[in-house]
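Please keep the sequence and the structure in view while reading.

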Amino acid sequence: MTSTIQASPILSQPPPLIPRDTLLGNPERANPHIAPDGERLAWLAPDEHDVLQVWVQTIGRHDARAVTADKSRGIQSYGWGYDSKTILYAQDAAGDENFHLFAVDLDSDNVRDLTPWQGVRAEFVASNPKFPERILVALNLRDRKLMDVYRVDLRSGAVELDTKNPGDVAGWLADDDMIVRAAIVVTPDGGTEIRIRESAASAWRTLMKAGMEDNLAALDFTKDGKSLFLSTSIGTDTARLVRHDVASGKETDIAHSDGADLSDAMIQPTRHVVQAAAFDPGRTHWTVVDPSIQADFDAIAKIADGDFNVADRDLADETWLVSFSSDRAPKRYYSWDRASKKATFLFSVQPKLDDAPLAPMKPVDFTARDGMKINGYLTLPVGVPVKNLPLVLAVHGGPWARDSWGLNPYIQLLANRGYAVLQINFRGSTGFGKKYLHAGDREWGLTMQSDLTDGVKWAVDAGIADRKRVAIFGGSYGGYAALAGAAFTPDLYRCAIDECGPSNLFTLLASIPPYWGVMRSIFDTRVGNPADPKDKELLTAASPLFSADKIKIPMLIGQGANDPRVKQAEAEQIVEAIAKHHGNAVYVLYTDEGHGFVRPENRLDFTARLEKFLADNLGGRYEPMNGDRMPGSTAKVRIVGASPL
């Protein structure tokens, strides 16, 4: 274990319950962006109906106003147009992930749907200050399976085909002249190919290829368009940042860490030079590449505790917006004046948490049964002796993702209710090198799952966890892991909570969104190929549905009716199987949600049920929910062999 586990000072009584809506409700403010001309600031904040909107204020004035009027889900993603008078934001319909791109004209307050086609998904590709009234957007308008690139005029709303997808391109990259010059392809063996062209009229050619065992991503062109900045693990275990000359193929290393993959690259958006690179073995560490920002980074690091990030900047590069993340404080934002080297505090995302009894998150590691070192994080309840605690194993989604250090509202809620919380970056997680990632290939339900089992054993053997009071909880892949834990290790867990997790890998792989088709080989190589008879046994054994007769612990299952990734049928079939085998489950369907619960009414509703479910099974504390559902929630509840929560 990399860190010594220490308890917080023992309190005479447990700390007060942190209200559920303080942790998991809408933020008071979040995600600020500065206008390119530096004159206005935008951010997300709830309106009088508690729906997240974009707000805009002139810097130095008190004229803040909401410039959007979303009626239900709230806006999650937005940004400025380079004309400094347009706000662009994405929104889907009830979680279907067919995002439309909207534009708000701040002069007239008119809102235009720039991509108004039903069932079509919009993905932002590029914008450029040299063309302030134009953006590039990928749309599956011509073919639902393929994302072509279109030019969109912000003033007229005109949409014109720019670059046609030949049938296998998964991503696009434009140069400083807004010409699409790089295409990213997932090859049939699950690897990556980068294609390049010299101009919009030129033919595409293969620049480089990587096998499925390597990471390869194109990040940006240099200003002159003659080189690409790449994240690549070719020749190394961890992904490093390099500059690749398009003509000669010569590569120059820019930044590298033996302990972690490149996690972020800070690239100056108009000069197109790398300024810094981030690596995250457990906490984020920045390597400064551009000497012109060294003084900025040195001074910013002293502003506050936590890990910082440059979240945005104006076009003149005179003002930065800087965020600080911590495990025991809400994210805080500052405005950074580069000339004076002075910071101005903007806001805390959730100031009600500023003085709350939050719990520290500690990086830990343990050795799996086959000798592999596994990384994770442990969060312990405040003021409680570290001995035989009820434990919640919280499993991240993806699975090709990772847990990171910082404030996680679900983890804090669980710790506040009295649980030790273990998060494991099981093999197959990203961030720790390609050997770590690909050790999880075709290991769903096998070593990926046994890493979780071994993590629980580590916590029990260390005296941290009570082996009779362990729960497993997760969303997406984490939901799958919760179902797999209940089915494959039925004596390990006291209860399990699945949010939007697949139960049958055959039906999961048969129903992926059409625009994921160009990435299908990744699933075939890393999970298993349903079309290959040799993989039938592998996928059957890894599907919790076919072992539902072994599920004998209480289950809480949450699902969005419009989920395009993990369809409603994934939840319905496991609930039916549990009922058939006389099991015990509470199934909650949210009729206006997709993959995860975006509306705070639904998020709080499911969390309230989760709290009570854990309290009933592990003995922790909980905040009661008044009534049978949270006001405004669309929850539809089915009880199988259990009493209502």
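## Charges and basis of the model

Lys and Arg count as positive and Asp and Glu as negative, while His and the chain ends are not counted; the place of a charge is taken as NZ of Lys, CZ of Arg, CG of Asp or CD of Glu. On that basis the chain carries 71 positive and 85 negative charges, whose mean positions are 3 Å apart.

The model is a predicted one, in which local features need pLDDT of at least 70 and side-chain atom pairs count only at pLDDT 80 or more, whereas totals for chains, interfaces and linings use all residues. Residues are numbered from 1 along each chain as its sequence is written, and side-chain values use heavy atoms, with hydrogens and water left out.

## Overall form

The chain has 11 helices and 36 strands, where helices (H or I, at least four residues) and strands (E, at least two) are DSSP runs numbered from the N terminus. Its radius of gyration, taken over C-alpha atoms, is compared with a globule rule of 2.2 Å times the number of residues to the power 0.38; for 645 residues a compact globule would have a value near 26 Å, and the 25 Å of the chain agrees with this. The C-alpha atoms fill a box of roughly 65 × 60 × 45 Å along the principal axes.

Of the 645 residues, 57% count as buried, a word that means under 20% relative accessible area, with exposed meaning over 50% and partly exposed in between (1.4 Å probe, protein chains only). Among contacts (heavy atoms within 4.5 Å) with a separation of 6 or more, 55% come from residues 24 or more positions apart.

## S84 and its surroundings

S84 sits in the loop between strand 5 (77–80) and strand 6 (86–91), and S84 counts as buried because its relative accessible area is 6%. Leaving aside neighbours within four places in sequence, S84 is in contact with A35, P36, D37 and R40. A polar atom of the side chain of S84 lies 3.0 Å from the backbone nitrogen of D37.

## Backbone features in loops

E97, in the loop between strand 6 and strand 7 (100–105), has a positive phi near 65° although E97 is a residue other than glycine, and E97 is buried at 7% relative accessibility. S476, in the loop between strand 32 (465–475) and helix 6 (477–488), likewise has a positive phi of about 65° without being a glycine, and S476 counts as buried at 18%.

A cis peptide bond, with omega about 0°, joins G398 and P399; P399 is found in the loop between strand 30 (389–395) and helix 3 (409–416).

How values were computed:
A polar contact is a pair of N or O atoms within 3.5 Å; within protein, one must be able to donate a hydrogen and the other to accept it, and residues adjacent in sequence count only if both atoms are side-chain atoms.
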